[in-house]
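Have a look at the model first, and then read on.

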Amino acid sequence: MTLKIGIISQKGGVSKSSVARLLAKEYAANEWFVKIADMDTNQGTCTKWNARRMTNGHKPDISVEQFSTVKQVKKIYNTYDLVIFDGKPYADSQTIEIAKESDIIIIPTGNSLDDLEPT
């Protein structure tokens with residue numbers, strides 16, 4: 001059974017991608033087969049990070065792919081031990097879909113009122 005972790009927030013710049021990468025690396029280091037579903041098709045932070053890792057031969061191997069819909073991600077569940085949703089930098093209907101699909105939801109935030117109020 002695939003564990004699904006959703007990392008979502010109302011806003012960008014609160015370290016969603018950083019948390020996704022950290023979790024992916026630690027689970028993969030413990031021999032989990034991990035996929036990051038990079039839902040930000042405009043920026044692709046996790047996708048670019050993984051390309052740099054692969055270029056430099058960093059281990060453990062982590063699969064990262066950009067997806068535009070949660071429905072696309074659901075098709076690959078049975079292939080991975082862990083799927084991490086790296087949400088878009090703003091909340092929309094897809095954010096709700098990710099939350100409903102996830103076994104665990106992480107909502108990172110900064111400690112300023114500018115970050116806390118929208119969260």
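## A strand and its partners

Aspartate 38 stands opposite aspartate 86 in strand S4. S4 (residues 82-86) runs parallel to strand S2, and 5 bridges join the two; strands pair here if DSSP finds at least two bridges between them. Strands (E, at least two residues) and helices (H or I, at least four) are DSSP runs, numbered from the N terminus.

S2 also pairs in the parallel sense with strand S3 (residues 63-66), over 4 bridges. In that pairing, alanine 37 sits opposite glutamate 65. From S2 the chain crosses through helix H2 (residues 45-55) to S3 in a right-handed β-α-β crossover (with the strands pointing away from the viewer, the path from the first strand over the helix to the second runs clockwise).

## How enclosed is S2?

Because 5 of the 5 residues of S2 (residues 34-38) are buried, the strand is largely enclosed by the rest of the structure. Buried means under 20% relative accessible area, with a 1.4 Å probe and protein chains only. Val34, Ile36 and Asp38 point one way, Lys35 and Ala37 the other.

## Where two helices meet

The axes of helix H1 (residues 16-29) and H2 come within 9 Å and cross at roughly 45° (lines fitted to C-alpha atoms over the stretch in contact, with angles from 0 to 180 degrees between N-to-C directions). Ser17, Ala20 and Arg21 of H1 make the contact with Thr45, Cys46 and Trp49 of H2, where contact means heavy atoms within 4.5 Å.

## About the model

This is a predicted model: local features need pLDDT of at least 70, side-chain atom pairs count only at pLDDT 80 or more, and totals for chains, interfaces and linings use all residues. Residues are numbered from 1 along each chain as its sequence is written, and side-chain values use heavy atoms, leaving out hydrogens and water.

Terms used: Buried means under 20% relative accessible area, exposed over 50%, partly exposed in between (1.4 Å probe, protein chains only).
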